[in-house]
Amino acid sequence: MDFTTYLKFLFILTGSLLLVLFVRTWVRLPSQAKVELDCSEYGSWCTFKNSLPGSSNGVLIQKGKPKPQQKVDHEKEVAKHPLDPLTLQEIKKVQKILQQSSIFNHGKFTLHSVVLEEPPKEQVLLWKAGSSLPSRKATIIAWANKHAYKLIVDLASGQIVDNQISHENGYPAMTMEDMTSAVQVPLKSKKFVEIIGKRGVNVSDLSCLPISLGWFGPDEEGRRLIKIQCYSSAGTANFYMRPIEGLTVLVDMDSKEVLKITDKGKDIPLPKPEGTDYRLSAQKYPLLPPLNPISIEQPKGPSFKVDGHQVKWGSWEFHLKPDPRAGVIISQAAIKDPDTGKLRRVLYKGFTSELFVPYMDPSDAWYFKTYMDAGEYGFGLTAMSLDPLNDCPRNAYYMDGVMASDDGTPYVRPNMVCIFERYEGDIAWRHTECPISGMEIREVRPKVTLVARMAASVANYDYIVDWEFQTDGLIRIKVGLSGILMIKGTKYENVNQIRSEDEIHGTLLAQNTIGVIHDHYIPFYLDMDVDGTDNSFVQVKMAKQTVKNGQTPRKSFWKAERHIAKTEKDAQIKLSLYQPSEFHVINPSKKTKIGNPVGYKVVPGGTAASLLDHTDPPQHRGAFTDNQIWVTPYNKSEEWAGGLYVYQSKGDDTLSVWSNRDRSIEKKDIVLWYTLGFHHLPCQEDYPIMPTVSSSFDLKPTNFFESNPILRTAPHYEKDLPTCAALAE
C-alpha cells in the first residue's frame, strides 16, 4: 500500500469513527436499558423518566427510599420544656375539668381557645434542661351564657385558679363549628332559596362563606353576628370565581337565625366557570414544558436536630411551637458566640400578632370586608397540612399541631410546620482581589440557612410564613401571599364597556369578574432580649450635612445621629425614604471590647402604609397600621395587636391604645412591633390563582459580635458534595 492510499484509508477510518461517536452521543436510539439509582442518595431523580411520547429510554428504577421521619405518638407525648404546647393528654384533662365545673352552671359552653398558660418569663429564663418544669397551666377562652370567659386551669391540681368574665367590647375568635354551622343557616330561609333559584343557581351547587363583619355602629352590638355570601361551584372547583353578587345574609351565630337578607345584584350575571379551575387535572394539554427535577440532597442527613420543640442548628438554638391563633411561635432564640462559645440571647418570643385585610369597595356587599384573620378566624386554626416536596423540600422535618375543638376534644393537625435547610446558590461572603493589587485571592463562602415554615389557608387566601435563621446571626421573617382573589361579579365583559365615571373598585380580570383592591397588614410581636432583658430602642437618623467655607470640594454628606427613645411615643415610627434611619435595639450595659453597645437592628423590607382615614371604623380597629414600628414595655397581657377579643371589637384594646400611654421604655424589657404591608391592585396574572408574592424584614446583629461571626467557616469542595449520576446496571 503506497503512502497516498494509506492516507485515504486512515481518513475514511477516522471519519467512520467520528460518525459512530456522533450518532451514539446525539441521536436518541431506542433502548430498554434500566438505570438504577440509590434513592436514599439521589432523591427525586428516582422518579424522573423521559416524557417523550413512545419513548421508554432512561427509565430510573427506585432502588431505595429515604428513611421516613419517626412520627410522634401524641397519646404518650409529654412536655419537656416550660414553653411546650399542651399535649393531647393535657387537653383531655382540661376538657374533663371544665365538664365537671359549676362555672357554666353545667350548661352548654364553647371553647374558642385552649393553649398553654406560659409560666412567668423570669421562671422560663432560670429553667435549665433536665430540671423539673414549672407548674403546667392552661388558658381557656370560652363562650357561655352570652359572655366570654378567660379561665386558667392548673393541670396538677385539676382546679380552675382564675376566672374572668370579659366586659370588653368584642368577642373571641370564631370556632370551626361557628363557621360551618353559620353557612347552613340561610338554607332554612324560603326567601333565600327563592332568590338563589331566580339567580339560576341550584342549591346543590352552593358554596357559602362566613364573613366577619367588623364593627360599624351600636346596631351591631349585643350579639355575635356574621354575614354569609354564596357562590356557585357548578363547572369548577374554584367557586370563588363565581360569586352570587350583592346577596348577603346576616345571621345570629348563637341563635342560628337569619336576621336580614339583602339582594342588590339581581342584574349581575354569574361569571362563567371556563378557565377558572386551577387543579392539575383540569388543565388543558399539552402542559408547559417541565423543568428538569431539582432536589437538594443531604447524604449525611440535615444539620439540624429537633428534640420535642427544641431546635438546634449551627450556632442557633430556639423553641418552636404551633399555635391556633398565631400559627407558629418562636421562643428563646439564642446564638453561640464564635469567640467565647457561650449562648447569647436574641429574641425571647416572636410571632404573627394579626393579619388585617381591608377591601376598598364601599358598596353594600363589600364595605364590611375588613378582616382580622388571626383574631377572627385563627391563623393557626386555618393552617392546613403541608405538602411534602412542594410546600417543603426533601429532608424537611415536620411538626404536628395539637389543638382543641369547640367542645374541648383534642385533635392533631399533621405536618402543620416544617423545618428545613435552604441553599439557593446564595453567597454568605466573598472577595476576589483584582489584578491591580498583584495578589491572587478568591475567597467565597456559600450561604445555607434554616427555615421554619407554616402556611394558612384563610378561605380564599393562602399565607406562607417563614422564619429564616442565618449563620451570621440574622433572622429573616418573610410572608408570602398566594391563593385566590376575592371576586366581585359585574355586568361588564370588556374594559371598553366601563365608563370613566364608573367606580368598579378593582380590575376587570375576565368576563363579569372584578378583582377588588385591598391591603394586607401583618404586625409581628418581637420580644427582644439582646444579651438580657434590659434593652433600649435607638433611632439612628441619617442626617444630611452641608459643607461650608469651602473646606473640601464636596458640597454635602450625611452623618449618623443617635436618638435613644425615652418613652413609647418616641418609638412610634413611620418609615420614609427621604428621612432614612436605622432602628436598633441595644443592651446599654453590654459592650464590645472596643466599647460599642451590643445590639440588633430591624431592617425594613418592602412594606405599605394604610391610606384609610383615621376616623374610618376599620382603621380605628386596625390602628396598629398607623406606624410601621412601635416599641412597648413588656406586658404579658399585650400580645395581640388588635386586642384579645377582636371579633366585632371597636378598637378599644389595640397596640395603638397601649402605646399612647407613653410609658418608659429606656433600659427596660421591651417589645418591638413591626408591620409588613402590601397594597394589592389585582391584575390578570392573578387569575384564576395567584403566583406567590412575598415581602420580608430582617433582625440583624449590629455590634453584637466582635467581628464577622462566620469568618472561620469553610468553603464547599467538590469532594464533599453528593454527585447525582446514573448507575449502569
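**Reading the model step by step**

Q: What does the secondary structure of the protein come to?

A: Helices and strands are DSSP runs numbered from the N terminus, a helix being H or I with at least four residues and a strand being E with at least two. Here the secondary structure comes to 9 helices and 36 strands. This is a predicted model, where local features need pLDDT of at least 70 and side-chain atom pairs count only at pLDDT 80 or more, while totals for chains, interfaces and linings use all residues. Residues are numbered from 1 along each chain as its sequence is written, and side-chain values use heavy atoms, with hydrogens and water left out.

Q: How many of the residues of the protein count as buried?

A: Buried means under 20% relative accessible area, exposed means over 50%, and partly exposed is in between (1.4 Å probe, protein chains only). Of the 729 residues, 48% count as buried. The protein exposes about 36900 Å², an area from the Shrake-Rupley method with a 1.4 Å probe, where for residues only the protein chains shown count as cover.

Q: What share of the contacts in the protein is between residues 24 or more positions apart?

A: A contact means heavy atoms within 4.5 Å. Among contacts with a separation of 6 or more, residues 24 or more positions apart account for 69%.

Q: Which strands does β35 pair with?

A: Two strands pair if DSSP finds at least two bridges between them. Strand β35 (residues 690-702) runs antiparallel to β24 (residues 475-483), and 8 bridges join them. One example to look for is V479, whose bridge partner in β35 is S695. β35 also pairs with β32 (residues 597-603), again in the antiparallel sense, over 5 bridges. There, Y600 has P701 of β35 as its bridge partner. As you trace a strand, remember that in a regular one the side chains alternate between the two faces of the sheet.

Q: Why is strand β3 described as largely enclosed by the rest of the structure?

A: Look at how many of its residues are covered. In β3 (residues 110-116), 5 of the 7 residues are buried, so the strand is largely enclosed by the rest of the structure. β3 runs antiparallel to β4 (residues 137-144), with 6 bridges joining the two. Across this pairing, the bridge partner of S113 in β4 is I141.

Q: Is A144 buried or exposed?

A: A144 lies in β4 and counts as buried, because its relative accessibility is 2%. Leaving aside neighbours within four places in sequence, A144 is in contact with F104, K108, F109 and Y149. Of these, K108 is 36 residues away from A144 in sequence, and their C-alpha atoms are 6.6 Å apart.

Q: What does the side chain of R344 make a polar contact with?

A: A polar contact is a pair of N or O atoms within 3.5 Å; within protein, one must be able to donate a hydrogen and the other to accept it, and residues adjacent in sequence count only if both atoms are side-chain atoms. R344, in strand β15 (residues 343-352), makes such a contact with the side chain of D337 at 2.8 Å. The R344 side chain also reaches the backbone oxygen of F704 at 2.7 Å. R344 counts as buried because its relative accessible area is 11%.

Q: Where is R422 found, and which side chain does a polar contact join to R422?

A: R422 is found in strand β19 (residues 410-422). A polar contact of 3.4 Å joins the side chains of R422 and E468. R422 is buried too, at 13% relative accessibility. Beyond four places in sequence, the contacts of R422 include K447, V448, T449 and K478.
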